[in-house]
Amino acid sequence: MNPAYATVDHTFTVPLDHRAPDGPTLDVFAREVAEPARAHDELPWLLYLQGGPGGKSPRPTAGSPGWLAHALKTHRVLLLDQRGTGRSSPVTARSATRFPTPDRLAAHLAHFRADAIVADAELIRRRLCGDVPWETLGQSYGGFLTLTYLSQAPEGLRACYVAGGLPGVSATADDVYARTYPRVRDRVLDFYARYPEDALRLRELADHLANDDVRLPNGDRLTPRRLRTLGLVLGMGDGFERLHWLLDEALDPAGTPTDTFLHQTMTLTGFTDNPLFAVLQETLYGQGASPTGWAASRALTDFPEFAEDADPLLLTGEMIYPWMFREIAGLRPFADAAELLAARTDWPPLYDPHRLAANRTPLAAVAYHDDMYVDVGLSLRTAREIGATRLWVTNEWEHDGISASGGRVLARLMDLAAGRA
């Protein structure tokens, strides 16, 4: 029993491949959370779909995550560790080494996309709720999952709330990254406008790393291109300050990277806790016969301002590159399998445009106008293509508004879905 919440832990056995229910299985973990005073009341369920991919559900503490207290006023919440994350048969660098060949590992990883996660959720719903539909809250990638859910099993849904996560239903990985690089460029330039000295410090760091063999605590070499991946944090509400204070202690008086900086950089860029974020990042857009083919890497050539010798030095964001799987210890066991996934040409569809157009389940979504990760233009287009959808666009919060707003974003979404706003 958490002091702030009444919790019950659940573990479910699910097929690795739902099309082969008698084959290998996985354990999927979920934590039920309720207001202590209402722990035994009959309450509607709200399933939380975490962002990512590769992110486990938040662990409830007093006041965190910010939306939970509001949700518990009216609902019983299920915090799902999606397959491969947290306590749900986690996919790690260590577990990847147990596969005898890259082909076997790639085939295994292909079962960790949205379609499989939704099938898990439906199996869990039937065990917990019977035939009663539940509601979902999807943050970021959780919104992608929501649209797959509405495509595959809308009968399981009573209402859906999406925060910063309406994808382009027909958008390819190439479409996505063509839009992503300009948004990241603008965000980095905004960061430099706020902290001009950090532009100089990052250039000094990059030049030092290009000329000297600097090692992170785990032995990985810190290269200029790995340094640039620190830009991933800039899309969150506290991202500018997190990066600024990291750089504030980056160099000692002799101009050498400090141990503090190297340790924190290793943690921020190592994918130790969430390798699936990197492994599956581009497979999110795989549908049909076209390979994703390292789309972010290919698109990079169209944006010369991102060259490593450009001034100012531009950081990168939610882009995954082939070199990461050779240079980052936590990703090396996935390297050959990642190449196979990037070349795959038989991805099943994740969305059903006709079913989405005919959707009758209330869907309330917020799109953040300046979102660095999810393109607001694609979100607007998608909202027009899905029935029973109400979209709210705001620049009051960044990508993490569902938590940073202390429940206000979720309250507004619930009002929108219920027709109260």
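Cysteine 129 counts as buried, because its relative accessibility is 14% and the cut-off for buried is under 20%. The model is a predicted one. In this model, cysteine 160 also counts as buried, because its relative accessibility is 0%.

Neither residue is paired. A search of the whole structure finds zero disulfides. For cysteine 129, the nearest cysteine sulfur belongs to cysteine 160 and is 14 Å away. For cysteine 160, the nearest cysteine sulfur is that of cysteine 129, again at 14 Å. A disulfide requires two cysteine sulfur atoms within 2.5 Å, so a pair must meet that limit to be counted.

Three elements, α10 (259–269), α11 (275–279) and α17 (401–404), each give two or more residues to the lining. The largest share comes from α10, with four residues. By class, the lining of the largest pocket holds 22 nonpolar, 21 polar and six charged residues.

The second largest pocket contains about 260 Å³ of space. It is lined by 14 residues. Those nearest its centre are Asp17, Arg19, His111, Asp115 and Pro348. Six residues of this lining are nonpolar, two are polar and six are charged. Asp17, Arg19 and Asp115 belong to the charged class, because Asp and Arg count as charged.

Conventions:
Residues numbered from 1 in each chain as written. Predicted model: local features only at pLDDT ≥ 70, side-chain atom pairs only at ≥ 80, totals over all residues. Heavy atoms only, no water. Buried < 20%, exposed > 50% of the residue type's maximum accessible area, 1.4 Å probe, protein only. 1 Å grid on protein atoms, 1.4 Å probe; cavity = no way out; pocket = protein on both sides within 12 Å on 5 of 7 lines; lining within 4 Å. Points joined across faces, edges and corners; volume = space filled by probe spheres on them.
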